[in-house]
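Take a look at the structure below. The paragraphs after it go through the meeting of two chains and then the inside of one of them.

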Amino acid sequence: MYNDKESQKIVDIIQNYARKHSLFILAYGTGCGAIEIPPTMTSRYDAERFGIRGSATPRQADVLLITGYLATKSLKRVIKVYEQMQDPKYVIGFGSCTINGGMYWDSYNTINVLDKYLPVDVYINGCMPRPEAVIAGFVKLQKLIQQGKADGWDIYKKNIDEYKANQKKIITNWVMPDFNF
Amino acid sequence: MNSLVLLILIIAGGALLSYFGHKINKILGNITVFAVALIIPIYWFTQVDFTETVSFTVSGFHMELGYNMYGRLFSMIVMILSPLALIYAIGYMKDQKKLATFYFSFLFSILGMTGILMSRDFVSLFIFWEIMTWSSYLLVIFLGKDVQKTGIKYMVFSAIGAYAMLMAIVIIYKNTGSMMLSDYFGSFAGFTLQTKLLTGILLLLGFAVKSAVMPFHVWAPGAYSNTPMAYTSVFSGALSKMGIYGLGFVVVNLFAQANLEIVGYVLAWLGAITAVLATFSAVFQHDAKKLLAYSSIAQLGYIVTGIGIGTELSIMAGLYLAVLHAAFKGVLFMVVGAVERQAGTTDMNVVSGLVRKMPFTFFTALIAIIALAGIPPLGGFVGKWMLYESLINNGNFLMVIMIFLSSTAAFLYCFKFLFGLFLGQQELEFDHVKEASPIMIIPMLLLSVFLLVTGAYPGIVFKYIAEGMTNLGFHNVNWQMSVLTNAWGDSVNVQHVYLSVVVVFVAFLIFITWRGYKHATKISTKDISSSGEMIKPEDNMTYAMDFYKPFERVLSPILKYKINKYYEDFGKGLEALFDFMRRIYTGNGQTYAVYVIVFLAILLIFSKSIFGY
Amino acid sequence: MEGIGYKILGAVLTTILAFVVGMFYGGFSRKITARIQNRVGPPVWQNFLDVLKLLFKKTSVRYGFMHHIAPLWMISMSITTLMFVPVLNDGLFFTNLNFSGDIIFLLYIMVMGSLGMALGAGSTGNPNSAIGVSRGLTQMVGFEIPWVMALVALMIQYKTTSVTGLMEVQSQSGTWLMFSSPFAFIAALLAMPGMFRYSPFDIVGAPSELASGPISEFGGKYLSTMMTSGSIFAFVKLTLYVDIFMGGASNLIVLVLKTFTLYMYPVLWGTVSARFRTEQSVRYFWGWPTFFGFIALIYAAF
């Protein structure tokens, strides 16, 4: 069945359709952007109508939401959480800080470009992005999944050495468990 | 030569041989024990003729040995469980000293049990009963832990039981002029109500102590948990069943025949109360041995309830549970022994995550726990089902609720047992633990297989139970290989249950294992979702302390005012009593002489009013 | 062999039916909760998408034997329970093994699934899972008592211990047991939310308190199997209630209507209540529900 190209295509379509409409998000809410998550999920903006749902543990989650700046200290945690997630997994960089450091661009203890350390699929810019923007970001991610372009997890696996090198540059005391997937 | 005499000689000879074997050399001793453990059951199953009898007369007392079908049922428990425990003991006791005494007492307690089950008269019954009690007492104090408390408790309660029995025997002899059990049964209907109750209840007292029914269970937790585990599996599995054996024929053959079902009913209530209280106590134990000890008391409570109700189905349930209890409690005590030996402790607050180190032990424990919890499709369910149905058919609705409360709460300690020892975090301090030696694993596996098979074919046990129940006055007991039926005609086909569970399980096993299992990495228990916290290998993440705190809070009103206070007062009262009794023994010969004289004087003065002559 | 063919076909059909209906119930409950909170809510087939997605997700870690078989254990128990619960009063395909089991058996097999999950959760070593399990088992002791009391009352009153027997009683007398034995029904109904684990009895999963409780470390295929099992089991429980108290159902539409009505009760209660603590939950179950259970028993016995 898996050798058959036609049926593979159909499987892919179903697969991507299911993935697209069921996004379990794990919000890494240490940055100030976390305050925008509750309005996004609750009555006013109701992200659940897109099939977006909060999840409590990385094992069940599909989307890792990095809400705002990342201190070097917490980068380690984020990487661990990301590696605990199961494929396929997506990362959404949330707010200007994840794109270029934002207002913390010259801070000694935050990272500037998230994409160097984790493969970001969608950036949502703004400081802070409003819930509409967040939902727009999710819709963008859904589009990418539909087209099969949201393959950050694959890129991470392929370029693991590069990512690890970048991460180790920032994290001085490296006590991480080995990568597992 | 008579096969029964030979059986007793074989066991006694085995005891002596293993004693001397171990005196000479450990290896020789172990080989002897192994050989004895094989010979006894093989001889029993192939050579013993159950129709034979032996009778002899000692100083005027006619004594007779011979099996009946009811005794044979219990003998099967002894003959299957004890040899397995003996073989297990070879591995378990490897590093212990005083092995000669251990095996000697072990085999002598087997001898005692075998003798009890074929005694047809009260004298031999009493003699064998005492052999069993004393040899088990030697094993209770064998490790020298807590001798003051548990050993003396066990001894005192056993003595109370034994003397109650002795008193009953004397009164019976006075009334019937014969020591034969059959004469007693035959003439029971002719006794006055007073004599009926007196003899019967004294006998019941003797048996109830061994089967740890509510007011007399105090010795059990300590004795079960302080004995070497190899023997505890027999202690809890087979030896306590001797009490059940006695209760069975007293309640059913005597009281039920004489329209005194009320005694059985009271006993059933005691059993139900025992089950509930012991279960609650078991839930809050943090030592696996203590947990199992309380659980044994609770399980014996079910059995006593079944026997006490006295209908066909309930007795069948009681006896079936007795057989099953021997199997699963045998396994569980062996499991605890293995854990104790390999990991050094059985404290569930400390030890955890052994499943990765001791998979076979875990597997047997899992099977035994499922059977204990009475969950289909394993054998334990069958007994529970019959017990409930018999209670419901009788309309004892309150007792059903109590038993159900007890067995639902039993899930709590069942899970805690598995979780505390085997599941949970794998800690560094137990990294060195290895799987137990095969000689310990094999007996456990064999018993587990029995538990698995009885799930689908409980009939293999029913066959012997039905035969045994002919001696309790139930002829033509209705049983089928794998269909259970109650008095209202509702039935459960356990084979269908098994089939359904296995088919679905295998189907989904293939589904979930196919494509993916081999790609999955097995990871350590430190790699859990911890909200980003970095857990180092040496961090202790075990959650076991106060595991059932919410349940404790729920029960706190009861626990505070009832159980604890009751137990403490009871204990204090007993201690005060013992303290007083100790003072009687002054060590002065003249005081003892005075006691004797006073006792004789009392006898002379009151003999008329007590004994009537 | 035709008989066996029908049996297998019936079993498969029943399972699929239970799965589909259970999944839609989950979807409806999400939709209704959303509407109560003035949201649009996900589509009613959202749960199918979730299960499908989880199936396609890679399952790249395992914690060992128990972790691997826990979902299987759950689903085999759910489906086995389904096989022994009469789905319709009479029908060609849905009889399955109804006549091979009775109420006591069902009571026991219904707790087996939770025990399997508890063991799987325990083997992951996540402390949150262990806390969830300890809470769940404690709560089980709570709600099982009134529920068993109600059932024992019915069994003693009608002198049968099988579900089919109770259904026959209802079809002969023409009244549902919820009217002829009202106290048993009240006790069972009050105990029911505990089984469904909606608020205020959602102390096991306890979102935002215990991560997701016992299922914290299960993802991918494991979680999808568990969700499947959960939806089948919800259907089974509702059908059992309908069979025992509401006269069963003669066709699927009636069944769906009755079970859905019953299902709304824990869901709606859940939307408007906050979470109990464990001991509060057990005390609740040992309060009024048990009181009504006693009354039912007395009503039945005299």
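Which strand of chain B is joined to β1(C), and do the two run parallel or antiparallel? The strand is β5 of chain B (residues 521-522), which runs parallel to β1(C) and is joined to it by two bridges; strands pair if DSSP finds at least two bridges between them. In this pair, Lys522(B) stands opposite Arg62(C).

This is a predicted model, in which local features need pLDDT of at least 70 and side-chain atom pairs count only at pLDDT 80 or more, while totals for chains, interfaces and linings use all residues. Residues are numbered from 1 along each chain as its sequence is written, and chains are lettered from A and ligands numbered from 1 in the order in which they are written.

Chain C brings 66 residues into contact with 60 residues of chain B, contact being C-beta atoms, placed from the backbone, within 7 Å. Among the elements of chain C that each supply at least two residues to this side are β1 (61-62), α3 (65-84) and α5 (127-158); helices (H or I, at least four residues) and strands (E, at least two) are DSSP runs, numbered from the N terminus. The most comes from α5(C), with 17 residues.

Chain B itself is assigned domain 1 (1-259) and domain 2 (261-526), with bounds from an automatic or database domain assignment. Their centres, taken over C-alpha atoms, are 25 Å apart. Domain 1 of chain B puts 44 residues into the contact and domain 2 of chain B puts in 51. On the domain 1 side, α10(B) gives the most, with 18 residues.

How values were computed
Contact = placed C-beta atoms within 7 Å.
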